[in-house]
Amino acid sequence: MSLRKQWILNILMVLLSWLSLPLLGSGNIKRFFPSTLLIGILEILHARIGKKKKYWVFYNKPKSNLFGEMPFDIGPFIFTSIWTLKSAYGNFRKYIFINAIIHAIFAYPFTFFAKKVRYYTLVRFNNFQFFLYFFFKAFLLYWFQYLFEEKIMFKQRK
């Protein structure tokens, strides 16, 4: 994939994700954004480790943070997390099922497509490990949201 096409894809990924923000509603944003932000920060840290250990490699390697993992982290990852919480929080089975589908799509067909167009490829991870890498964060996100609602929101009500 040319650097120009990668630039366009990265911008579109982030822009389309952020354009869904008004559709969430301000109440849902206030409710779910703290735990989503926390899991987003954790993902950024994990992505730095993954990059260093070469779990995956991006084909174009400019020295800009606008390439590589960052567009995924500040775009689709954050917004799939908040949308999943909005649509299924309170029903753990539904929440896990939705997350499994989303992460399986990313780990398998999207990753095969990314390799084919020379966007990124997995090096030290196979597709199943890549799926698990993201899927375990679904449990953390749900737990963060539970703690936020039970502990922090409870204190505010007193």
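Trainee: In which helix is the place of T111?

Mentor: Helices are DSSP runs of H or I with at least four residues, numbered from the N terminus, and in this predicted model T111 sits in helix 5. Local features here need pLDDT of at least 70, side-chain atom pairs count only at pLDDT 80 or more, and totals for chains, interfaces and linings use all residues of the predicted model. Residues are numbered from 1 along each chain as its sequence is written, and side-chain values use heavy atoms, with hydrogens and water left out.

Trainee: Does T111 count as buried or exposed?

Mentor: Buried means under 20% relative accessible area and exposed over 50%, with partly exposed in between, using a 1.4 Å probe and protein chains only. T111 counts as buried because its relative accessibility is 4%.

Trainee: Which side chain does the side chain of T111 join in a polar contact?

Mentor: A polar contact is a pair of N or O atoms within 3.5 Å; within protein, one must be able to donate a hydrogen and the other to accept it, and residues adjacent in sequence count only if both atoms are side-chain atoms. The side chain of T111 joins that of Y120 in a polar contact of 2.8 Å, and the T111 side chain also reaches the backbone oxygen of A107 at 3.4 Å.

Trainee: Leaving aside neighbours within four places in sequence, which residues is T111 in contact with?

Mentor: Contact means heavy atoms within 4.5 Å. With neighbours within four places in sequence left aside, T111 is in contact with F106, Y120, L122, N127 and F130.

Terms used: Helices (H or I, at least four residues) and strands (E, at least two) are DSSP runs, numbered from the N terminus.
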